[in-house]
Amino acid sequence: MIGKDFIRVLYIDLTNKKADIQERKDLYKYLGGVGVAAKLLEENMKKGVNPLHERQPIIISIGPLSTIFPVVTKAVATFISPHTGEYGESHAGGRLAMAIRNAGYDAIVITGKAQKPTYLVITDKNIEFKDARAMWGLDIEETGRVIREREPGPGKRSIIRIGRAGENLVTYSCVNVDTYRHFGRLGIGAVFGSKNLKAMMIMGEEDLPIANLKEYFKTYQEIYKKVTQTDAMAKYHELGTPMNIKVLNSISSLPTKNLLQSTFEHADDISGETFAEKNLVRKVSCVGCPIGCIHIGQFRREFDKGFEYESISVSYDHELIYALGSLLGIKTTDEVLQIIEEVELAGLDAISTGVVLAWATEALKKGLISREDTLANLEFGNTMEYIKAIDNIADRINEFYYTIGKGLKEAVKKYGGEEFALLYGGNEMAGYHTGYAFALGQTVGARHSHLDNAGYSYDQSAKELKDEEIIDYVINEEKERAILTSLCICLFARKVYDRPTILKALNAIGINWNDQDLTKLANDIFFTKLKIKKELGYSLENYKFPKRIFETPTMWGNMDEERLNRLLKMYIERVEKEYEDWSRGK
Amino acid sequence: MPKVLRADNMNKCLGCFTCMLTCAAVNHNNHNLAKSSIKVKTRGGLQSKFAATICVACKEPACAEACPTNALVKRPGGGVKLIEEKCIACEKCVSACIVGSIHMDYDRKIPIVCRHCGACVRMCPHNCLSMEEVSE
Ligand code: SF4
Ligand code: SF4
Ligand code: SF4
């Protein structure tokens with residue numbers, strides 16, 4: 001809690017409709033966010049039990065700086081991933097962090113399974129388990145609307161919910177957070193579904209007095225200035241992350257058509273520039289962020305002859321334009337937005353959905369699967385057929401869709417096509433075919449996300465790729481990011497929040513940490529996650545990279561399989577040794 | 001000349017709530033947005049436009065008229081000033097303000113009224129808010 005030396009944890013037991021609150025002094029040293037959430041996962045997870053078993057927990061946490069400093073906007077969720085079977089972690093912006101803060105909690109632990117579809121209402125004054133039977137089957141938008149109309153508190157509340165994909169336990173279903181943000185990757189939507197938990201609404205008016213207004217507001221203004229008046233974050237407001245499309249295309253790093261290509265002949269047609277000119281209608285922000293990086297694009301759809309149009313707004317980002325655009329060979333911004341809309345309504349993770357569909361397209365062509373399986377004529381560029389397939393995934397309509405609803409890893413076990421399945425560490429590939437550091441980084445990252453350690457950034461900025469340097473970068477960056485994510489600072493603000501700034505902000509609210517404390521925290525988080533993974537049976541021994549990534553040139557030319565394997569070995573050796581030292585040091 | 005708060009450019013609003021954070025902090029020494037005098041919300045879900053509920057600085061403030069103890073006094077330029085010691089937390093001002101600008105701070109047992117100080121205006125990154133000079 002702000003100004004106190006404990007973490008206030010709300011425990012919710014869905015089975016017995018009971019809640020408990022504990023003030024945990026022992027968790028204080030993990031600060032918040034990923035630190036606290038990983039620790040709570042370690043305590044509450046059940047080894048050897050299915051990730052979708054009711055005894056497995058969902059943890060959501062915020063940090064000490066959440067909402068009260070600029071761009072500290074994320075809430076962190078941890079869970080056992082039904083997608084990889086390993087450590088699951090996902091981050092979401094929106095209003096959730098503010099709402100949890102105002103309700104007076106630092107973390108929420110949810111266990112058990114409701115008897116019937118339920119939505120939770122959490123406020124500073126109450127916790128209610130409400131009937132969601134009528135909402136079961138509703139899409140993301142309708143679910144949000146129903147709760148908005150039933151519950152009080154516009155402006156102060158956060159509404160998070162799942163769609164059909166989560167209900168049907170698709171292992172890459174997401175939780176939608178306040179319409180435009182998500183707990184996206186690794187299948188937390190299915191974990192909600194397995195608990196019969198359709199949605200949650202959180203808000204509060206808890207009194208949060210400021211101990212030292214002068215100190216706090218001075219620091220607040222300094223950081224605010226850095227955020228708004230330097231160019232540290234300008235790109236996120238202007239074109240936003242979609243500016244990457246053109247950049248990556250020009251350096252042969254934009255995965256296209258299931259990575260048969262790393263440049264796209266229609267890149268300009270779906271670039272950030274084109275989106276901005278043709279579709280961008282507004283920008284919005286997470287609470288506490290003066291940047292406004294959430295780009296909302298609009299397209300119109302003719303639903304009847306005689307100029308009958310509807311207009312649809314969805315948020316877009318680089319990863320979405322890649323996974324549901326270039327990777328599927330989609331040629332116009334309007335079509336990309338249409339596919340995004342379908343993925344949104346169903347409640348699926350955009351990256352995994354795109355990668356699975358790209359694989360299916362090639363598998364169909366190669367005859368590994370048939371039209372009877374796909375029920376849609378999947379071919380690159382064919383928007384309407386992809387939209388059908390997305391619905392089929394969410395509904396798990398036949399055996400084929402049931403199988404691919406468990407992710408690409410399961411799909412190739414049954415149908416083959418491993419060589420062109422774009423998987424890194426069991427998770428579908430993110431939108432950068434930049435080279436070795438990215439490939440290694442996404443594979444070894446704690447949650448197999450490109451954001452764990454930003455290998456793509458090393459590839460793009462290095463003058464020369466050096467093996468030792470890649471290993472150093474990937475390890476150090478993941479540790480530094482553990483500090484940022486334990487504080488729930490948006491990673492887009494990583495240039496603003498260097499260590500001195502972080503310490504200043506902490507000190508301004510009475511947390512007197514120093515640089516060594518941060519280093520220790522980074523290590524503890526990094527290895528705690530590894531410990532969790534090991535306990536869940538994780539290992540990278542005998543790991544095999546998909547063949548396709550070596551066949552298509554990156555910005556550094558074609559990657560050499562042997563070299564990447566060697567890098568992986570070097571990484572494992574380094575980290576294992578450090579892990580032993582860390583374990584002994586305890 | 002006195003100044004009053006205006007929210008004439010809410011179409012530009014990002015929904016960042018920085019204005020509310022600032023008001024709650026500097027005027028009410030609190031991190032909770034519920035303590036802010038300016039209230040930004042959507043007109044119905046995040047797909048709709050943002051709107052701000054602010055004190056429109058009435059020249060004949062109904063809130064002050066409704067106050068039984070004279071805790072709310074007219075402010076030069078419009079709007080009111082709260083004299084905390086006189087407030088008995090009867091909440092009459094809350095229902096008297098038809099734009100819904102006043103709400104209660106139940107922790108401190110006083111209404112939260114806008115001071116037209118302009119702190120929110122200075123921190124809005126998109127210039128949605130402004131201070132307008134008005135006659136007394
Ligand atoms: S609080 Fe309401 S009634 Fe009072 S001056 Fe402001 S707008 Fe008018
Ligand atoms: S003018 Fe001052 S008191 Fe009124 S809303 Fe803005 S910050 Fe709050
Ligand atoms: S600070 Fe400006 S942009 Fe942000 S919510 Fe307030 S009015 Fe909107």
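This is a predicted model: local features need pLDDT of at least 70, side-chain atom pairs count only at pLDDT 80 or more; totals for chains, interfaces and linings use all residues.
User: How are two packed helices described?

Analyst: Two packed helices are described by the angle between their axes and the distance between those axes. Take helix H6 (residues 213-229) and helix H20 (residues 499-508), both of chain A. Their axes come within 8 Å and cross at roughly 150°. An angle over 145 degrees counts as roughly antiparallel, so H6(A) and H20(A) are roughly antiparallel to each other.

User: What is the handedness of the crossing of H6(A) and H20(A)?

Analyst: The crossing is left-handed.

User: Which residues of H6(A) and H20(A) meet?

Analyst: H6(A) brings A:Glu215, A:Tyr216, A:Thr219, A:Glu222, A:Ile223 and A:Lys226. H20(A) answers with A:Thr501, A:Lys504, A:Ala505 and A:Ala508. By class, this contact holds 4 nonpolar, 2 polar and 4 charged residues.

User: At what angle do H21(A) and H23(A) pack?

Analyst: Helix H21 (residues 515-535) and helix H23 (residues 561-584) of chain A pack at about 105°, and their axes lie 11 Å apart. The range for roughly perpendicular is 65 to 115 degrees, so H21(A) is roughly perpendicular to H23(A). On the H21(A) side, the contact residues include A:Phe526, A:Phe527 and A:Leu530. On the H23(A) side, they include A:Tyr571, A:Tyr579 and A:Trp582. The class count for this contact is 7 nonpolar, 2 polar and 5 charged.

User: Now sheets. How do strands of a sheet pair?

Analyst: They pair through backbone hydrogen bonds, either parallel or antiparallel. In chain A, an open sheet of 6 strands runs in the order S8-S7-S12-S9-S10-S11, with mixed pairing. Its edge strands are S8 (127-131) and S11 (181-183), each of which pairs on one side only. The twist averages 20° from one strand to the next.

User: In what sense do S7 and S8 of chain A pair?

Analyst: Antiparallel. Strand S7 (residues 118-122) of chain A joins S8(A) over 5 bridges. Within that part of the sheet, A:Val121 stands opposite A:Glu128 in S8(A).

User: Which strands does helix H2 of chain A lie across?

Analyst: Helix H2 (residues 96-103) of chain A lies across S9 (158-161), S10 (175-177), S11 and S12 (197-202). H2 runs at about 65° to S12(A). Helix H3 (residues 140-150) of chain A also packs on the sheet. H3 touches S7, S9, S10 and S12, and its direction makes about 145° with that of S9(A).

User: Over to chain B. Where is B:Ala51 placed?

Analyst: B:Ala51 is in strand S3 (residues 50-53) of chain B. Beyond its neighbours within four places in sequence, B:Ala51 contacts B:Met10, B:Lys39, B:Val40, B:Lys41 and B:Arg43. B:Cys13 is 38 residues away along the chain, yet its C-alpha atom is 8.2 Å from that of B:Ala51.

User: Which residues surround ligand 1?

Analyst: The shell is B:Cys55, B:Val56, B:Cys58, B:Pro61, B:Ala62, B:Cys63, B:Gly79, B:Cys97, B:Val99 and B:Ile102. By class, that gives 9 nonpolar, 1 polar and no charged residues.

User: Which residues surround ligand 2?

Analyst: Among them are B:Cys23, B:Cys114, B:Cys117 and B:Cys120. B:Arg115 and B:His116 are also in this shell. The residues divide into 7 nonpolar, 4 polar and 1 charged. Helix H1 (18-28) and helix H4 (119-123) of chain B each supply at least two of the shell residues.

Note on methods: Residues are numbered from 1 along each chain as its sequence is written. Chains are lettered from A and ligands numbered from 1 in the order in which they are written. Side-chain values use heavy atoms; hydrogens and water are left out. A residue is near a molecule or strand if one of its heavy atoms lies within 4 Å of it. Helices (H or I, at least four residues) and strands (E, at least two) are DSSP runs, numbered from the N terminus. Ala, Val, Leu, Ile, Met, Phe, Trp, Tyr, Cys and Pro count as nonpolar, Asp, Glu, Lys and Arg as charged, and the others, Gly among them, as polar. Axes are lines fitted to C-alpha atoms, for helices over the stretch in contact, and angles run from 0 to 180 degrees between N-to-C directions. Angles under 35 degrees count as roughly parallel, over 145 as roughly antiparallel, 65 to 115 as roughly perpendicular and the rest as oblique. A crossing is left-handed if the near helix is turned anticlockwise from the far one by less than a right angle, and right-handed if clockwise. Contact means heavy atoms within 4.5 Å. Two strands pair if DSSP finds at least two bridges between them.
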